[in-house]
Amino acid sequence: MSLTVLEHPLARHLVTLLRDRSTEPEAFREAARRLATLLVLEASIDLPLEERPVETPLETAVGHRIAAPLVAVAVLRAGLGLLDTVVDLLPGARVGYVGVQRDEETATPREYYTKLPELEGARVFVLEPMLATGGSLSWACHQVREAGGRDVTALCVVSAPEGAARMARDHPDVRIVSATHDRKLDANFYILPGLGDMGDRLFGTR
Ligand code: URA
């Protein structure tokens, strides 16, 4: 498992907006969308390319196109906060969903929905904004692997050491790109300092 944490000043600025308890859902969603751009740019930095000729108005030049099928898998429901940006930037991507609900007492994942596109040979981006215990992301990566996905990168807004350790144990081959890496989990398995419940912050629920 590799963990890359964004160092870009814009990432820090946007993470601060997301952390701020006074940020309302509309501004929260906007900040999450903008932050997703930085996450996608980092996560896709090594996408394979193949050459193709392109006719400019003046001559023929060497051009490129992305040479792998792309898949985004949103872990419901917080992953939806990143999905629009991912499909804007990677318009050819197919989209899957993994619905995992966190048991509030044990923080173990309970699956309620999975729908995945063809994953064979694809570059897969799993969107799981909050890597807390790692239970949901590990479960989502397990589903992806069972369905034939091999090349997996997880996009996280906030990660915690506990979740990173779990991923290193369960999925040593998965790359993680996180906007920030926080201190630890609290007794209720929330990330400290974190940003609260990402789904609630995105959608205005409690
Ligand atoms: N999920 C969240 O939305 N927030 C946390 O802090 C941990 C898990």
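The legends below describe close-up views of a predicted model, taking the ligand, the pockets and the cavity in turn.

**Figure 1. The residues around the ligand.** In this predicted model, the ligand is surrounded by M130, A132, F189, Y190, I191, G196, D197 and M198. Sorted by class, this shell comprises six nonpolar residues, one polar residue and one charged residue.

**Figure 2. Backbone atoms facing the ligand.** At I191, a backbone N or O atom lies 2.8 Å from an oxygen atom of the ligand. An oxygen atom of the ligand also lies 2.8 Å from a backbone N or O atom of M198.

**Figure 3. The largest pocket, which holds the ligand.** The ligand sits in the largest pocket, whose volume is about 610 Å³. A total of 28 residues line this pocket, and A78, V100, R102, S136 and D197 lie nearest its centre. Two or more lining residues come from each of the following elements: strand 4 (70-76), strand 5 (94-102), strand 8 (130-131), helix 4 (135-146) and helix 6 (198-203). The lining of the largest pocket divides into 14 nonpolar, eight polar and six charged residues. D197 belongs to the residues surrounding the ligand and is also among those nearest the centre of the pocket.

**Figure 4. The second largest pocket.** This pocket contains about 200 Å³ of space. Part of its lining is formed by R21, S22, T23, E24 and P25, and the remainder by D197, D200, R201, G204, T205 and R206. By class, one residue of this lining is nonpolar, four are polar and six are charged.

Figure 5. How many cavities of 30 Å³ or more does the model contain? The count comes to one cavity of 30 Å³ or more. The largest cavity has a volume of about 40 Å³. Its lining consists of C141, R145, G149, R150, V152, H171, D173 and V174. Three of the residues lining the largest cavity are nonpolar, two are polar and three are charged.

Note on methods: Residues numbered from 1 in each chain as written. Predicted model: local features only at pLDDT ≥ 70, side-chain atom pairs only at ≥ 80, totals over all residues. Heavy atoms only, no water. Near = heavy atom within 4 Å. Polar contact = N/O pair within 3.5 Å; in protein donor to acceptor, adjacent residues only side chain to side chain. 1 Å grid on protein atoms, 1.4 Å probe; cavity = no way out; pocket = protein on both sides within 12 Å on 5 of 7 lines; lining within 4 Å. Sits in = over half its atoms within 2 Å of the grid points. Nonpolar A, V, L, I, M, F, W, Y, C, P; charged D, E, K, R; others polar. Points joined across faces, edges and corners; volume = space filled by probe spheres on them. Helix = DSSP H or I, 4+ residues; strand = E, 2+ residues; numbered from the N terminus.
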